[in-house]
Amino acid sequence: MPALTPEQIQEIASKYFDGSITPAEKKLLDEWYNTQPTDTVEWKRDEAEAALEQRLFTNIQEQISSVQELPVVLMRTKRRILWRVAAAVLAGITVTYFYLRTATVENDTVAVKNTHDTAVTYTRYLTLEDGSTVILHADSKLTRSPGFNNGARVVTLTGEAYFDITRDTLKPFIIHTGKVKTTVLGTAFNISAYPGKNTITVAVTRGKVRVEDSEKILAELTPDQQVVYNIPTANAEREKVNAVASSAGWVRQDMNFDGASLASVVQVLNKRYNVNISFKNHALENCKVKVSFNGTEPLVKVLDLLCTISNASYTKPDDANIVIDGEGCM
Amino acid sequence: MLNATDNELFNHVSNDDQAAFRILYDRYWRKLLVHAVVKLESEVEAEELVQEIFLQLWKRRKQIQLKNSFHTYIASMLKYEILARFKKRRQQQLLQQGMVNDAGNTDTNDAAYELLRREIEITIQSLPEKCRLVFRLSRDEGLSEKQIAEQLNIAPKTVEAHISKALKKLRASLQTLLCLYF
């Protein structure tokens with residue numbers, strides 16, 4: 001029986017899906033699929049079978065619970081942060097077209113305005129058209145490739161960002177950071193990439209990320225692993241790390257309000273979410289709030305909580321504006 | 001419950017029984033993983049695939065109706081997902097080469113059903129032209145044998161023969177599907 005090359009399998013499998021497969025090709029495909037390899041499988045991974053079995057099952061359970069908890073309570077949003085990646089990256093990315101379509105957040109209650117920003121000077125919360133969210137750190141830049149979301153979802157990052165990626169196994173999410181390409185194989189992650197640094201670091205909290213340069217795959221990272229890529233020498237070293245502790249502090253940094261006035265909170269939100277929030281009753285502006293967020297919540301969740309603790313409510317008269325109203329502080 | 005058959009266990013799963021789900025996982029995870037590793041030659045992708053299959057099984061536990069064995073069902077899911085991966089790899093390559101085309105979506109809620117549907121479609125397409133036409137008029141358009149005979153200007157006996165030939169072929173190819181190896 002003729003052995004099929006990987007390229008042939010790919011081609012025939014594609015034909016299988018678009019219906020143009022011939023009976024002869026179908027036969028080859030089935031023969032290939034049904035052939036048992038003669039040699040036994042050699043497990044490359046240094047992991048006991050029981051541990052592997054449990055790890056995979058835990059992943060499944062986590063994904064099941066994230067599906068079932070869709071009406072997420074604020075405290076639980078942390079659980080949706082599936083993984084983080086931190087990468088520091090060289091300069092030299094000059095293409096700076098960044099476009100975000102009007103993206104609707106959650107129940108259509110709050111829409112984020114169009115942006116054509118090439119870069120931000122303050123930490124911004126963005127929703128991409130595939131539903132993924134990106135928290136872009138101050139002085140960072142994200143460039144979306146043309147046709148984003150048509151095939152692979154490709155972006156280029158300079159600076160630092162936290163990503164929460166909508167799972168779509170057929171549209172890989174790829175982040176270019178200089179010489180290094182990070183492919184999201186699972187669900188959600190965080191990247192940081194600064195110009196002028198000699199190393200690129202990718203660290204994962206949960207999920208899976210593949211990191212490669214132009215020549216080879218550097219690492220396929222599982223939780224709490226990171227790879228440090230040295231740009232001048234093109235060396236990559238893998239190490240163990242506590243990814244939660246090491247990467248996400250900046251994400252929530254601006255979202256801790258300890259006795260801040262509502263007016264100043266709204267100022268932060270207007271910039272971060274690129275919206276225009278105003279007060280109908282100006283007495284609200286001086287109300288003091290003590291509240292902290294993870295920094296990864298969509299705007300509706302932030303507003304819901306803010307309004308609850310300030311005994312206020314908000315309305316959205318049109319796409320561009322949000323109005324908070326209430327009786328004032330107690 | 002450890003002695004229950006796969007199908008019995010899946011019935012429990014349909015009623016939200018997580019313990020039964022775990023037992024099915026214990027029975028199948030390794031077989032699926034090994035098969036996926038061999039075909040995909042990537043441990044990472046194989047792990048993803050195993051997770052995806054069990055995730056789908058749980059998410060669709062209320063909708064899935066086992067017509068045959070659970071083994072057949074999960075084997076169909078596996079085959080579908082593996083072939084879909086190869087399609088995806090090709091698309092990624094084309095994308096990288098700049099030959100960008102719209103990546104037709106192979107994502108689906110029910111991989112086993114999709115596999116069956118495609119197998120049937122491929123079998124129908126492999127039928128001789130006349131036979132295929134008759135079969136389509138019969139199944140897709142819902143025409144009677146008499147109506148088909150009139151429309152194509154052939155004898156009703158011939159229509160009958162075409163249809164039974166088509167059904168025979170379908171049965172044969174579905175038989176292969178039922179013995180899906182993994």
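Which side chain meets that of R27(B) in a salt bridge? In this predicted model, the partner of R27(B) is D6(B), with a distance of 2.7 Å from N to O. The pair links distant parts of the chain, since R27(B) belongs to helix 2 of chain B and D6(B) to helix 1 of chain B, 21 residues apart. The two partners fall into separate accessibility classes: R27(B) is partly exposed, with a relative accessible area of 27%, whereas D6(B), at 17%, is buried.

A second salt bridge within chain B is formed by the side chains of R85(B) and E48(B), at 2.9 Å from N to O. Because R85(B) lies in helix 4 of chain B and E48(B) in helix 3 of chain B, this pair ties together parts that are 37 residues apart in sequence. R85(B) counts as buried, at 6% relative accessibility. E48(B) is likewise buried, with a relative accessible area of 6%; this value is under the 20% that sets the limit for a buried residue.

In chain A, E31(A) forms a salt bridge with K27(A), the closest N and O atoms being 3.5 Å apart. Here both residues lie in helix 2 of chain A, four residues apart, or about one turn of the helix. E31(A) is partly exposed, at 29% relative accessibility, while K27(A) is exposed, at 55%. Over all chains, a search of the whole structure finds 24 salt bridges. Among the residues involved, K26(A), D30(A), K79(B) and E119(B) are linked in a network of salt bridges.

The contact between the two chains was examined next. It takes 54 residues from chain B and 52 residues from chain A. Between them, chain B and chain A bury about 5200 Å², of which 59% is on carbon and sulfur atoms. On the side of chain B, the residues that lose the most area to chain A are E43(B), Q51(B) and L83(B), which together account for 12% of what that side buries.

Five salt bridges are counted between chain B and chain A. One salt bridge joins E53(A) to R22(B), with the closest N and O atoms 3.9 Å apart. Polar contacts between chain B and chain A number 14 residue pairs, both residues being at pLDDT 80 or more. On chain B, at least two residues of the side that touches chain A are supplied by each of helix 2 (18–40), helix 3 (43–59), helix 4 (70–96) and helix 5 (111–125). Helix 4 of chain B gives the most to this side, with 16 residues. By class, the side of chain B that touches chain A has 25 nonpolar, nine polar and 20 charged residues.

In soluble globular proteins, nonpolar side chains tend to be buried together. The largest nonpolar core of the model has 55 residues, and those with the most contacts inside it are W32(A), F21(B), F54(B), L57(B) and I82(B). Two or more residues of this core come from each of helix 1 (6–18), helix 2 (23–34) and helix 3 (49–68) of chain A, and from each of helix 1 (6–14), helix 2, helix 3, helix 4 and helix 5 of chain B. Helix 2 of chain B gives the most to the core, with 12 residues. For L57(B), leaving aside its neighbours within four places in sequence, the residues in contact are F10(B), F21(B), I64(B), F70(B), Y73(B), I74(B) and M77(B). Apart from this core lies another, of 31 residues, which includes M255(A), A260(A), L284(A) and I322(A).

S132(A) is found in the loop between strand 3 (124–127) and strand 4 (133–136) of chain A. With a relative accessible area of 0%, S132(A) is buried. The side chain of S132(A) is joined to that of D130(A) by a polar contact of 2.8 Å. Not counting residues up to four places away in sequence, S132(A) touches L126(A), T127(A), R153(A), D164(A), I165(A), T166(A) and F173(A).

Terms used. Residues numbered from 1 in each chain as written. Chains lettered and ligands numbered in written order. Predicted model: local features only at pLDDT ≥ 70, side-chain atom pairs only at ≥ 80, totals over all residues. Heavy atoms only, no water. Contact = heavy atoms within 4.5 Å. Buried area = accessible area lost by both parts, 1.4 Å probe. Salt bridge = Lys/Arg side-chain N within 4 Å of Asp/Glu carboxyl O. Polar contact = N/O pair within 3.5 Å; in protein donor to acceptor, adjacent residues only side chain to side chain. Nonpolar A, V, L, I, M, F, W, Y, C, P; charged D, E, K, R; others polar. Core = buried A, V, L, I, M, F, W, Y, C linked by side-chain atoms within 4.5 Å. Buried < 20%, exposed > 50% of the residue type's maximum accessible area, 1.4 Å probe, protein only.
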